Amino acid sequence: MILERTIGKAGTVAVGEFTPDGKLVAYKSNEAFSAELAMMTAQFAATTRMFLSTVAASFSHLTELPLVPYHGLIFSGGEMSSVIRQDHWAIVRTSESEFLPSKGAAEPGLEDFLRLHGVGFAGYYTVDGGEIACKQTIGFRPDVRATATRLVASTTMAFHGLATAFSYLSQSSWTPVKAWLYAGGDWVIVVNQCCWILAEAGEAEIDELYRAVIR
């Protein structure tokens, strides 16, 4: 599973450990990566984890599906990717890593997403969170689908803001947002800028889901 085997893999730039309030405990890097940048990365990691825990709690209340506690995040934007687990972060160069999408792979449709292991919902959305189309086996009511889609879209926009700030601070490319994955409770949410997927964590192949949406 990507969340548990990124550190030490190809493309890894730096890894670190952080406290819940964003203090850096320790870090190591494979290239130039200053202590100041590592401290800022720890702050971003803690902020992101807290933000996603709040979003997931709202999502759980809305859908009546357990998406808490937080297990981890994968984010890809610009030329970079990151993984944030409970108290560790990793910075990865996407083009040299296992996050790189397969060359020449056709973009899946909703039916294709629904055939992936564990997927119970797949939907297209607009930038402002409007629902375009969906396929599901979960049975969300229209109002639940609409609100969940707005939550996903607003989270993607929030990630764009964080990535823009981190791009400036780190002098590296983290925008535009390409994909993100949240794992929490018994479920996984996988998102790009136009579609989102909800899958059962125990059934889903995390690597497969992430590569299916990253473009």
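These questions and answers walk through a predicted model.

Me: How do helix 2 and helix 4 run relative to each other, roughly parallel or roughly antiparallel?
Reply: Helix 2 covers residues 35–63 and helix 4 covers residues 142–170. They pack at an angle of about 175 degrees, with their axes 11 Å apart. Angles over 145 degrees count as roughly antiparallel. Helix 2 and helix 4 are therefore roughly antiparallel.

Me: How many nonpolar, polar and charged residues make up the contact of helix 2 with helix 4?
Reply: The two helices pack with their axes 11 Å apart. The residues of their contact divide into 18 nonpolar, six polar and no charged.

Me: What distance does helix 2 reach from its first C-alpha to its last?
Reply: Helix 2 has 29 residues. At 1.5 Å a residue, 42 Å is expected. The model comes close to that, at 41 Å.

Me: Is E64 buried or exposed?
Reply: Over 50% relative accessible area counts as exposed. E64 has 72%, so E64 is exposed.

Me: What is the phi of Q171, and where is Q171 found?
Reply: Q171 is a residue other than glycine, yet its phi is positive, near 55 degrees. Q171 is also exposed, with a relative accessible area of 67%. Its place is the loop between helix 4 and strand 8.

Me: Which peptide bond is cis with omega near 10 degrees?
Reply: Most peptide bonds are trans. The cis bond runs from V68 to P69.

Me: What is omega for the cis bond from T175 to P176?
Reply: P176 lies in the loop between helix 4 and strand 8, residues 177–184. The bond that joins T175 to P176 is cis. Its omega is near 5 degrees.

Me: Is T41 buried or exposed?
Reply: T41 belongs to helix 2. Under 20% relative accessible area counts as buried. T41 has 5%, so T41 is buried.

Me: Which backbone oxygen does the side chain of T41 reach?
Reply: Leaving aside neighbours within four places in sequence, T41 is in contact with F33, W89, I91 and F166. Its side chain also reaches a backbone oxygen at 2.8 Å. That oxygen belongs to L37.

Me: Which residues of helix 5 are buried?
Reply: Helix 5 spans residues 206–213. Six of its eight residues are buried, so helix 5 is largely enclosed by the rest of the structure. The buried ones are I206, D207, L209, Y210, A212 and V213.

Me: Where does F18 lie, and what is its relative accessible area?
Reply: F18 lies in strand 1, residues 12–18. Under 20% counts as buried. F18 is buried, with a relative accessible area of 3%.

Me: How many Å apart in space are F18 and D87?
Reply: Not counting residues up to four places away in sequence, F18 touches several residues, among them A42, I84, D87 and W89. F18 and D87 are 69 residues apart in sequence. Their C-alpha to C-alpha distance is 5.3 Å.

Terms used:
Residues numbered from 1 in each chain as written. Predicted model: local features only at pLDDT ≥ 70, side-chain atom pairs only at ≥ 80, totals over all residues. Heavy atoms only, no water. Axes fitted to C-alpha atoms, helices over the stretch in contact; angles between N-to-C directions. Helix = DSSP H or I, 4+ residues; strand = E, 2+ residues; numbered from the N terminus. Parallel < 35°, antiparallel > 145°, perpendicular 65-115°, else oblique. Nonpolar A, V, L, I, M, F, W, Y, C, P; charged D, E, K, R; others polar. Expected span 1.5 Å × (residues − 1). Buried < 20%, exposed > 50% of the residue type's maximum accessible area, 1.4 Å probe, protein only. Polar contact = N/O pair within 3.5 Å; in protein donor to acceptor, adjacent residues only side chain to side chain. Contact = heavy atoms within 4.5 Å.
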